[in-house]
Amino acid sequence: MSNEPGSTALPAPGVHVGRRACNDLLRQALLTLAPPATADMPSLSGARQVWLIDHQLGDWPLDNDAVLAALTAWLRQGGRSLRLLGTDFDSTARALPRFARWRRDWQHAIDIHQPTDGHLATAWRGLLAPPWCLQWLDAPDGRLRVFTDLTQCRATESLIADFLQRCEPAWPSTTLGL
């Protein structure tokens, strides 16, 4: 697999097993956010909104140079929004220091939320960039389901929108103090 943004194919639909295989799939999907080098390359660059949902994102490949370059290229297209939903952003900040610094530069295009009760009540965890969805079935054992059914993706987006009513902004990019 190449490290260049946009030079990878979209993940294959189906259930994938193994922690490393699942992280590679997440990385692969994030890389396809960059505008493709050629018109015939598959890409998620047309997605207007991408959701990353997990209790904490520290195991995600978000500190990878190529992933950060792909996210930057995607956000530079304008009208894009990266949305994070989780419960433990302190662990995420410790595990992903480069991503934590990068997001400060892009805070205008990144929305970060956490449930007000501290529990990620939704069973849906993964990456959502319609028409592609990568859903964790069992994060500790590393089972990830990839699906491309737009109806199912839209239904998941609706569930997330409803769940956001019970969330608040999280992980401020600066800390104010006296």
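Asp24 lies in helix H1. Helices (H or I, at least four residues) and strands (E, at least two) are DSSP runs, numbered from the N terminus. This is a predicted model: local features need pLDDT of at least 70, side-chain atom pairs count only at pLDDT 80 or more, and totals for chains, interfaces and linings use all residues. Residues are numbered from 1 along each chain as its sequence is written, and side-chain values use heavy atoms, with hydrogens and water left out.

**Overall make-up**

- The chain's secondary structure comes to five helices and eight strands.
- Read from the N terminus, the order of elements is β-α-β-α-β-α-α-β-β-β-β-α-β.
- The chain has 178 residues, and 50% of them count as buried. Buried means under 20% relative accessible area, exposed over 50%, and partly exposed in between (1.4 Å probe, protein chains only).
- Take the contacts between residues at least 6 apart in sequence: 74% of them join residues at least 24 apart. Contact means heavy atoms within 4.5 Å.

- Asp24 has a relative accessible area of 32%, so it is partly exposed.
- Asp24 and Pro11 are separated by 13 residues in sequence, and their C-alpha atoms are 9.3 Å apart in space.
- Cys22 has 0% relative accessibility and therefore counts as buried.
- H1 (residues 19–31) and helix H2 (residues 65–76) have axes that come within 8 Å and cross at roughly 35°. On the H1 side the contact is made by Arg27, Leu30 and Leu31; on the H2 side, by Ala66, Val67, Ala70 and Leu71. Six residues of this contact are nonpolar, none is polar and one is charged.
- Axes are lines fitted to C-alpha atoms, for helices over the stretch in contact; angles run from 0 to 180 degrees between N-to-C directions.
- Ala, Val, Leu, Ile, Met, Phe, Trp, Tyr, Cys and Pro count as nonpolar, Asp, Glu, Lys and Arg as charged, and the others, Gly among them, as polar.

**Helix H4 and its cover**

- In helix H4 (residues 97–105), the buried residues are Phe99, Ala100, Trp102 and Arg103. They span an arc of only 165° around the axis, which puts them on the same side of H4. The arc is that of the directions from the helix axis to the C-beta atoms.
- The cover over these buried residues of H4 includes H2, strand E3 (81–85), helix H3 (89–95) and strand E4 (110–115).

**Cysteines**

- One disulfide turns up in a search of the whole structure. A disulfide is a pair of cysteine sulfur atoms within 2.5 Å.
- Cys133 and Cys153 are joined by a disulfide, with S to S at 2.3 Å. This pair links distant parts of the chain, 20 residues apart: Cys133 sits in strand E6 (residues 132–138) and Cys153 in helix H5 (residues 150–164).
- Both Cys133 and Cys153 are buried.
- Cys167 has a relative accessible area of 13%, so it is buried too.

**Aromatic pairs**

- A pair of aromatic rings is described by the distance of the centres and the angle of the planes. Rings of Phe, Tyr and Trp (its six-membered ring) pair if their centres lie within 6.5 Å; planes under 30 degrees apart count as stacked, over 60 as edge-to-face and the rest as tilted.
- The count comes to four aromatic pairs. Phe89 and Trp171 form a stacked pair, 5.5 Å centre to centre with 15° between the planes. That pair links distant parts of the chain, 82 residues apart: Phe89 is in helix H3 and Trp171 is in the segment after strand E8 (167–169).
- Phe99 and Trp171 have ring centres 6.2 Å apart and planes at 40°, so this pair is tilted. It also links distant parts of the chain: Phe99 in helix H4 and Trp171 in the segment after E8 are 72 residues apart.
- Ring pairs link Phe89, Phe99, Trp102, Trp106 and Trp171 into a cluster.
- Phe89 is buried, as is Trp171. Phe99 counts as buried because its relative accessibility is 0%. For Trp171 the relative accessible area is 11%, so it is buried.

**Backbone notes**

- Most residues other than glycine have a negative phi, and most peptide bonds are trans.
- Trp171 has phi near 45°, a positive value in a residue other than glycine.
- From Pro130 to Pro131 the peptide bond is cis, with omega near 15°. Pro131 lies in the loop between strand E5 (126–129) and E6.
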